[in-house]
Structure formats: structure tokens, C-alpha cells
Amino acid sequence: MTTREFEIKFKKLYVPLGMYALRIVEDADVAEDLEQDAFMKVWEYIERGVEIDDFDSFAYRTLRNLCISYLRGKKEMLGEDFIPEVSEDDIDTSFRDAAIWRAIDGLPDKCREVFLLSKRDGLTNEEIAEELDISIKTVKNHMTKAFSRLREELEGGHKPFFLPFL
């Protein structure tokens with residue numbers, strides 16, 4: 001695998017792997033660190049000439065093992081066995097979550113800000129209008145625009161009404 005091929009795989013998997021790690025360790029900073037460590041380990045294997053048949057599966061397995069090692073260390077502090085089982089559904093969910101966040105990131109700036117204040121932060125239209133010093137009608141227009149664009153972007157069955165904010 002060339003450096004360019006690795007870079008393409010990295011860009012494709014960066015957000016889904018991050019979401020996957022976040023589901024396991026439940027700490028965004030730790031998840032990001034573990035994800036970077038996983039990519040480094042995969043690259044080290046490639047540099048040593050190890051043949052990787054399925055890059056995606058190998059990257060997920062590497063990250064899962066790092067997450068489990070992290071949780072085992074944490075378990076000693078908490079005194080209980082809580083290492084979760086990770087299923088194929090968790091991998092699928094990480095790709096879905098990544099697609100949703102990419103779609104949200106693609107919204108116009110003000111529209112995204114209004115949408116996140118509403119759906120992520122739970123603010124009412126009135127509270128958003130007050131915070132951003134805009135009219136309630138403008139808030140509603142931004143929300144309508146956001147839902148419309150998200151529906152278009154996620155037309156593969158992922159409807160915005162169940163957006164998972166982690």
C-alpha cells in the first residue's frame with residue numbers, strides 16, 4: 001500500500017472510526033487519541049510489509065483492541081468489568097453517524113449554528129432568536145432549510161429526526 005492509498009483510506013475512515021471509538025470509550029478526547037494510535041499502528045504494520053487483506057476491518061479491529069486496553073486500565077480504577085461487546089451494528093452506526101455529521105457540517109454557517117442550538121443544545125426557537133439576535137421567523141426559516149438539506153443529503157434512509165448527538 002502506498003502512502004497515497006493510506007491517505008485515501010485515512011480520510012474515508014477518520015470520522016467513522018472516531019464515532020466508533022467514542023461509542024466504546026465515551027470520551028471524545030480519549031477516542032481521538034486512540035484513533036490516532038490505531039492509524040499509527042496500522043501504518044507500522046504496512047511499513048513492516050504485513051499484507052492487510054481488508055484495510056477497513058483491520059483498522060476497526062486495531063482500534064477496538066486499543067479501546068479495550070484503555071477500558072481495562074480504567075476498569076482497575078473503577079473496580080468493575082464493563083468492557084462492552086462491539087458488534088457489526090456498532091460499525092454500521094459509526095458510518096451513519098459520520099454521514100450525519102458530514103451533512104450537518106455542509107450546512108451554511110448560520111443555518112448550522114441555528115440547527116445545532118436547537119437539536120444538540122435543546123434551545124427553543126425563542127431562545128435561539130434571543131441568543132443570535134435574529135427573529136423567530138428567521139430561526140424557523142433556518143430550521144426548515146436545515147431539515148430540507150439534511151433530507152436531501154441523507155436520502156438513504158437516515159432521517160434527521162433521530163439525529164444522534166453524542
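Helix axes are taken here as lines fitted to C-alpha atoms over the stretch in contact, and the angle between two helices runs from 0 to 180 degrees between their N-to-C directions. The structure described below is a predicted model.

**Helices 5 and 7**

Helix 5 spans residues 109-119 and helix 7 spans residues 136-153; the two pack with their axes 9 Å apart, at an angle of about 95 degrees. Because angles of 65 to 115 degrees count as roughly perpendicular, helix 5 is described as roughly perpendicular to helix 7. On the side of helix 5, the contact is formed by K110, C111, V114, F115, S118 and K119. Their partners in helix 7 are V139, H142, M143, K145, A146, F147 and L150. By residue class, this contact comprises eight nonpolar, two polar and three charged residues.

The buried residues I128, A129 and L132 belong to helix 6. Since they cover an arc of only 100 degrees around the axis, these residues lie on the same side of helix 6. An α-helix has 3.6 residues a turn, so residues three or four places apart point the same way. The buried residues of helix 6 pack against both helix 5 and helix 7. On the face turned away from this buried side, helix 6 carries E130 and E131, which are exposed.

Just after helix 6, the backbone of D133 takes a positive phi of about 55 degrees. D133 is located in the loop that runs from helix 6 (125-132) to helix 7. A positive phi also occurs at E26, which is not a glycine. The table lists the values for both residues.

| Residue | Phi | Relative accessible area |
|---|---|---|
| E26 | about 60 degrees | 68% |
| D133 | near 55 degrees | 71% |

Exposed means over 50% relative accessible area, so E26, at 68%, counts as exposed. D133 is likewise exposed, with a value of 71%.

T62 is part of helix 3, which covers residues 55-78. Its relative accessibility is 10%, and T62 therefore counts as buried, the limit for that class being under 20%. When neighbours within four places in sequence are left aside, T62 is in contact with A38, K41 and V42.

Methods:
Residues are numbered from 1 along each chain as its sequence is written. This is a predicted model: local features need pLDDT of at least 70, side-chain atom pairs count only at pLDDT 80 or more; totals for chains, interfaces and linings use all residues. Side-chain values use heavy atoms; hydrogens and water are left out. Helices (H or I, at least four residues) and strands (E, at least two) are DSSP runs, numbered from the N terminus. Angles under 35 degrees count as roughly parallel, over 145 as roughly antiparallel, 65 to 115 as roughly perpendicular and the rest as oblique. Contact means heavy atoms within 4.5 Å. Ala, Val, Leu, Ile, Met, Phe, Trp, Tyr, Cys and Pro count as nonpolar, Asp, Glu, Lys and Arg as charged, and the others, Gly among them, as polar. Buried means under 20% relative accessible area, exposed over 50%, partly exposed in between (1.4 Å probe, protein chains only). The arc is that of the directions from the helix axis to the C-beta atoms.
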